[in-house]
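Trainee: I have a model open and would like to go through it with you. Could we take it step by step?

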Amino acid sequence: MPKTVRIGAIIIICLLVVACLAPVLTPVNPLAVNMGEKLQGLSRQHPMGTDQLGRDVLSRVLYGARTSMAASFSVVIICLAVGIAIGCIAGFYGGVIDELLMRLVDIMMAFPPFILPIAITGILGPSLTNIIIALALTSWVGYARMVRSSVLTLKHLDFVAAAKAMGSSRSRIIREHIVPNAVHPLVVYAAFNASHTILAISGLSFIGLGAQPPTPEWGNMLSEACSFMGSSPYLFIFPGLMIMLTVLAFNLLGDGLRDYLDPRLGTEVDL
Amino acid sequence: MRKPLLEVKDLQIKFETKRGTIAVSDGVSFAIGENETLCLVGESGCGKSVVAVSIMGLLPAHARVAGEIRYREADLLQCSPGEWSRFRGREIAMIFEQPMSCLNPVISAGRQIAEAYAANNRCSKREALAEARRKLDEVGIPENCFVKFPHELSGGMQQRVMIAIALACRPNLLIADEPTAALDVTVQCQILELLHCLKDRYRMSMLLITHDLGVVAEMADTVGVMYAGTMMELSGVEDFFYRPGHPYSRALMNVVAGNALSPIRGSVPHLLEPVPGCPFHARCVDAVEQCRRARPQPRIVNGRMERCHHFTGDNSGRQLDQMVSSR
Amino acid sequence: MRAVDGVSLSISRGESFGLVGESGCGKSTLGKLLLRMLEPTAGRVSYQGSDLGLLSEGDMKGLRPKLQPIFQDADGSLDPRYTVYRLLAEPLQIQGMERRKIGGMIQDLLGRVNLGTELLERHPHELSGGQRQRIGLVRALAMKPDFIVADEPAASLDLSVQAQVLDLLNSVRERDGAGLLYVSHNLRMVRLMTQRLAIMYLGKFMETGDTESFFTKPMHPYSQMLVSSLLSLDPAKRRARKNMITGEPPDPSDAPGGCRFHPRCPYRKPLCLHEEPGLKDVGNSTKVACHLV
């Protein structure tokens, strides 16, 4: 397994552990306001300092992992489910069904990726759930297209013809031969999509459309830190570093998986 | 023997890979005289293409080369990359199995030939194009194909364009790597005939790499049989076909010339797992204990080289004349 | 475009029939039609008296195992994510074999093609070309087919391994009495592998007949061209062939009128330009589509 996959996976697992165990790891309630301790620098008691309302930044950063991971995983899982289903149906059955589904995909693709979430939160009101819905709505099309194109190539390959010649049923061919081969490239895409989603959620929260204060979320922590940039830089450095680390981890994972999951790569000696 | 044009002596090529060092060519020696054709025969992965590429000086960076590649007076392996590049195209040219992947898809056939000519000759664009037209005619491509793009040409025509490009600068040595393997049998005959004619017209020498013994019989003056990176046999074409010596050569001949299917047992050894002793021993019908232990050294008797413990120069009882001529 | 045009043939049990032609002549398409991997526009394919075209999808599924293709590119015909074990278990499972018998059966199958059980956990890309092709072959044989279409089964293999694969194919035909359609452009192998053959050109049969008599006395001008393109293994006979190979394999989407072969035919007459010859029986169980025979 490539080193990049391992590093990426370790960081992501750590983040997941932190997200799950946030209440245990942080003795201080991230929402607890203590005006008496506002904007205190780094100290033993508050390793990452406190913010303008005296809340513990470390606790907020750790709880932020919870929000970010949950949101990005929800988006990716929704997209995987919808994308694989629609891509397989369109690719395997073709004809009118394919035509209709692909036009739907084209329509979704026509929306600028940042405008749709803004419009949706405009209608449904700003909240993390609405952002997840909005991001899922814009992202599934990529998955569906990718699955469809793999299915289209796969269904003309000889091994599918061979399976047919064995007397395999259509559902068996889809289940055993087409989906496994079509899904593997998708895993890579999903890893990159997760990193993209983290950035999008932070970005939208930063402009006030995502997670609403006082929910600890890296994006809105950054936006709150803006006013204190000069005096208390640690307020934006830590959430910023976390965003960077998470995005980097997903990208490393995606990159590594691309090499690792192709069974044909790196085995033939090219003479 | 006349002074050879190209002489390869004890060529060793090793590739450093993640999974260890592999010897793709181990002690390969041969010589090609003026206007002579040497065929390198062997199965995939036997190292024949690597030998060809090494003569062109186009091996990948992780290859380690030792030995001697002498072209006329120059030892190519001692040349700087700049000096070597002066041999390419002008003195030594190469054509490949898949012409489509060697031709630029967005430039017309005629212009590609003209460019190859202009690259090595000082001339005006007009002269280069005129020369390209002459070359096109010479390799038997109809006039109207001059402006066509590679994908508009058939496989045979593409290969003709490749030949025209290779011959643009009148090389003395043409290396052809499986030039007809991807073509239909009828087109194969046409291309071989063309190579024959061009070779005689320009008094070229040719190094032809193939796995098809029919092509060898058609083209070769000398035959080199490679197996697992080693030259197993090097002999004149008549010797090779009428009195095949090495057990591997005989087995190959049996496959194509026999009256029934006569499989060779086993499979080609992988270069990553070198076999002790003679590389062919596991598949050889004549293998004895010695073959499993010691690597046979090349022995030369009556102008014929063989790497086999059984080889003494006496070929009586090994004749396949009758079998060959009966087909 | 007509890839296959008005072709009739029958293959009986235990018989090996060769289909020869240049690339693009429709020989692979014909092979697929016979297995109903493609649907013909018109015409009939019967297997043991029943018209495959009239069978329902479900009935066809039951019949499929009896009609097996063997592909040229074994690499593409084996699912890259399957291990050898799963590749060979799949047809057995579909046939409804009990799980505990499968292991033993797979060992049997591997033994038939001289492969060891150490390959069971390998993926196709970890096998050599010859091993892959043998796995593809044995997987088809696991279904005990009555009829096999082998489309250039050895073309991608090394010479020394080719004979192994073909030998195996032959022994199956002889032992199990399966019919074989052997599609190839390698005349030497066709001669060794088949009893009867058909020469195809632009979707039509130009000549059909006995393999041996075809090689000793090809009748159709195209057959003569093909046979003369067979390179001799005698260096003394090099370049001896009369210079009768003309033209190039034609573009199947642009077939000429009249006899399809007339643009390349050295003997063409005015009649050949206008009228398409049908297959005529010329005795000796040979049929030729040529005005001049």
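Predicted model: local features only at pLDDT ≥ 70, side-chain atom pairs only at ≥ 80, totals over all residues.

Trainee: Which domains is chain C divided into, and how far apart do their C-alpha centres lie?

Mentor: The assignment gives domain 1 (6-194) and domain 2 (208-293) of chain C. The distance between the C-alpha centres of these two domains of chain C is 30 Å.

Trainee: Which element gives the most to the side of domain 1 of chain C that touches domain 2 of chain C?

Mentor: Start with the contact itself: 11 residues of domain 1 of chain C meet six residues of domain 2 of chain C. On the domain 1 side, strand 1 (16-20) and helix 8 of chain C are the elements that give two or more residues. The one that gives the most, with four residues, is helix 8 of chain C.

Trainee: Which helix supplies the largest share of the side of chain C that touches chain B?

Mentor: That contact takes 31 residues from chain C and 35 residues from chain B. On the chain C side, helix 7 (159-176), helix 8 (187-193) and helix 10 (221-228) each supply at least two residues. The largest share, nine residues, comes from helix 7 of chain C.

Trainee: Is C:Leu202 buried or exposed?

Mentor: C:Leu202 sits in the loop between strand 7 (196-201) and strand 8 (204-210) of chain C. Its phi is positive, about 50°, although it is not a glycine. Most residues other than glycine have a negative phi. Because 23 other C-beta atoms lie within 10 Å, C:Leu202 is buried.

Trainee: And B:Arg203, is that residue buried or exposed?

Mentor: B:Arg203 is also not a glycine, and its phi is positive, near 50°. The loop that holds B:Arg203 runs between helix 7 (185-202) and strand 8 (205-210) of chain B. With 10 C-beta neighbours inside 10 Å, B:Arg203 counts as exposed.

Trainee: Is the peptide bond from A:Pro213 to A:Pro214 cis or trans?

Mentor: First place it: A:Pro214 lies in the loop between helix 7 (170-206) and helix 8 (218-225) of chain A. Most peptide bonds are trans. From A:Pro213 to A:Pro214, omega is near 10°, and the bond is cis.

How values were computed:
Residues numbered from 1 in each chain as written. Chains lettered and ligands numbered in written order. Contact = placed C-beta atoms within 7 Å. Domains from an automatic or database assignment. Buried ≥ 20, exposed ≤ 12 C-beta atoms within 10 Å, placed from the backbone.
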